[in-house]
Amino acid sequence: MIINEVEVEVERKPIKHIHLSVYPPYGRVHVSAPEHVTDAQLRLFVLSKWTWVAEKRAQALAHAIQPMREYINGEAHYFMGGLYRLFVDEGNHNHTHVSIEGDYIVVHCLRQEYAGRILREWYREELKKLLPPIVERWAERVGVPKPAIDVLDMKLRWGSCNRQKRAILFNLELAKKPLECIEYVAAHEVIHLIERNHTARFFRLLDTYLPQWERLRKELNELPITP
């Protein structure tokens with residue numbers, strides 16, 4: 001459901017009242033509603049709370065995003081949930097690359113100004129290597145054909161599923177997150193191949209295949225964003 005150009009996730013389940021939530025880090029809006037409530041009624045309810053929603057979204061975005069990276073020696077960077085210090089190894093390198101050396105992420109490059117681009121592409125390639133077996137395993141588990149996957153810069157979602165193209169897009173930022181959080185996003189998007197929207201059935205499937213999904217979602221959404 002789109003309200004004021006913002007996607008609102010709708011979950012229907014056997015409850016008595018409507019519950020509206022805004023989650024960090026991207027200000028994701030989620031509404032849980034009794035099964036008998038119509039879309040029109042939900043829309044009116046959310047609009048009546050929109051001032052609160054807008055304030056919470058602004059707070060979430062401001063709180064979670066760390067200062068812009070400068071890609072200088074000693075700067076803190078994450079990879080697969082681990083915290084590392086950056087070391088830029090400048091010199092006449094014929095082959096630029098990135099390596100993990102103890103507590104450091106080392107970017108081997110010609111000049112420091114190239115370090116940011118090289119590191120981001122390394123994140124992309126590492127995630128592209130990690131994701132296929134995870135997605136394939138989840139596809140087999142829930143009984144759907146393995147989808148195509150890609151990694152993109154995404155501002156508002158951890159992942160996105162296109163059922164018609166049978167393709168899943170993953171947020172590049174996931175390369176910095178713990179493996180179990182990446183597993184959660186993969187499971188979430190693969191289940192969307194069965195159930196398009198966040199219906200009661202969708203969440204029942206998540207409960208069946210990944211009972212700890214709520215804990216993982218909370219952990220993922222509370223981790224800092226490092227541009």
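Predicted model: local features only at pLDDT ≥ 70, side-chain atom pairs only at ≥ 80, totals over all residues.
I began with Glu 136, which counts as partly exposed at 34% relative accessibility (partly exposed lies between buried, under 20% relative accessible area, and exposed, over 50%, with a 1.4 Å probe and protein chains only). Residues are numbered from 1 along each chain as its sequence is written, and side-chain values use heavy atoms, with hydrogens and water left out.

Entry on Glu 136 and its partner. I found the side chain of Glu 136 in a salt bridge with that of Lys 146, at 3.8 Å from N to O (a salt bridge is a side-chain nitrogen of Lys or Arg within 4 Å of a carboxyl oxygen of Asp or Glu). Glu 136 sits in helix H3 (115-142) and Lys 146 in the loop between that helix and strand E9 (148-152), so the pair ties together parts ten residues apart in sequence (helices are DSSP runs of H or I with at least four residues, strands runs of E with at least two, numbered from the N terminus). I noted Lys 146 as partly exposed, at 46%.

Entry on further pairs. I looked up Lys 176 and Glu 173, whose closest N and O atoms are 3.3 Å apart in a salt bridge; both residues are buried. Glu 195 and Arg 201 form another salt bridge, at 2.7 Å. Here Glu 195 is buried at 16%, whereas Arg 201 is partly exposed at 38%.

Entry on the network and total. I traced one network of salt bridges with shared partners, joining Arg 120, Glu 121, Arg 124 and Asp 153. My search of the whole structure gave 17 salt bridges.
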